[in-house]
Amino acid sequence: MIQTSRTILKRAGWSLILFGLLNISMMIYRGENGVNSMSNLLSLGVIAGVFLLRGNLKVTTWVTWFSAFYWMYRIFSTVIGIIVFQDQDLWMTQFRLYPILSSVSWIFTGALVIYLPWLYCQLRHQRILAALRTSGMEAAPPMSAWLGGAGLGIILSILIYLAFSSADAAEALQRAKQQLGPNYNYRMTSIGWSNSQVEAIVTVYNRNSIQSIDVEWAK
């Protein structure tokens, strides 16, 4: 069967709609289980998929760029996070206490890592590139997406590392320990500053439970 640009765009469009709906379902499922929701950017895939079904080449270039950018960002931020932050104990505890939720989350993440390169290759098909050139649009590889995604993953990881290594982060962990005592493990989840106010979220866990506590103080 000869593939036309419209055939390829329809396949990519339906896949985006499916993945967007899966992401929305994951957000609802994680929210109902008290877990931070995933990025809602992927939910926009439902809208983008509709435009691809209609053969919109402008949206095709945007989706191509985003698939490369987001894939590189996720790969770099995840790898750096595993190496630098070393939260394996927390992940194993989450998997032991919430096996279904953890399994579904990891399967979705793994599927996303495979899906984004597949989507990129679909939208970089020679027939799509020919259609772009015929319409007078740019058909060169989106190098800015690859470099930008990797750069963002590295920069954000550095910023998070610096924030979590700061004196205020150490203070937040100490204040959390004062609340719950020594029978827990403590991990920084987030920290922010507003004028002289410090607001942090600390994940607290042991073999039997995982919880998040808010810590605030004025400097």
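The buried residues of helix H2 pack against H1, H3 and H5; buried means under 20% relative accessible area, exposed over 50% and partly exposed in between (1.4 Å probe, protein chains only). This is a predicted model: local features need pLDDT of at least 70, side-chain atom pairs count only at pLDDT 80 or more, and totals for chains, interfaces and linings use all residues. Residues are numbered from 1 along each chain as its sequence is written, and side-chain values use heavy atoms, with hydrogens and water left out. Helices (H or I, at least four residues) and strands (E, at least two) are DSSP runs, numbered from the N terminus.

**Helix H2**
- Gly45, Ala48, Gly49, Leu52 and Leu53 are buried in H2.
- Seen down the axis of H2, these buried residues fall within an arc of 145 degrees, so they line one face of the helix. The arc is that of the directions from the helix axis to the C-beta atoms.
- Gly55 follows H2 and has a positive phi, near 80 degrees.

**Helix H1**
- H1 covers residues 5-32, 28 residues in total. From first C-alpha to last, H1 reaches 40 Å, close to the 40 Å expected at 1.5 Å a residue. The expected span is 1.5 Å times one less than the number of residues.
- Buried residues of H1 include Ile8, Leu9, Ala12, Phe19 and Arg30.
- The buried residues of H1 pack against H2 (45-53), H3 (57-85), H5 (99-123) and H6 (126-134).

**How H1 and H2 meet**
- The axes of H1 and H2 come within 7 Å and cross at roughly 165 degrees. Axes are lines fitted to C-alpha atoms, for helices over the stretch in contact, and angles run from 0 to 180 degrees between N-to-C directions.
- H1 and H2 are therefore roughly antiparallel. Angles under 35 degrees count as roughly parallel, over 145 as roughly antiparallel, 65 to 115 as roughly perpendicular and the rest as oblique.
- The contact (heavy atoms within 4.5 Å) involves, among others, Leu9, Gly13 and Ile17 of H1 and Gly45, Gly49 and Leu53 of H2.

**How H2 and H3 meet**
- The axes of H2 and H3 are 8 Å apart, at an angle of about 135 degrees.
- H2 and H3 are therefore oblique to each other.
- Ala48, Phe51 and Leu52 of H2 meet Val59, Thr60 and Val63 of H3.

- Asn195 is not a glycine, yet has a positive phi of about 55 degrees.
- Asn195 sits in the loop between strand S1 (185-194) and strand S2 (197-205).
- Asn195 is exposed, with a relative accessible area of 80%.
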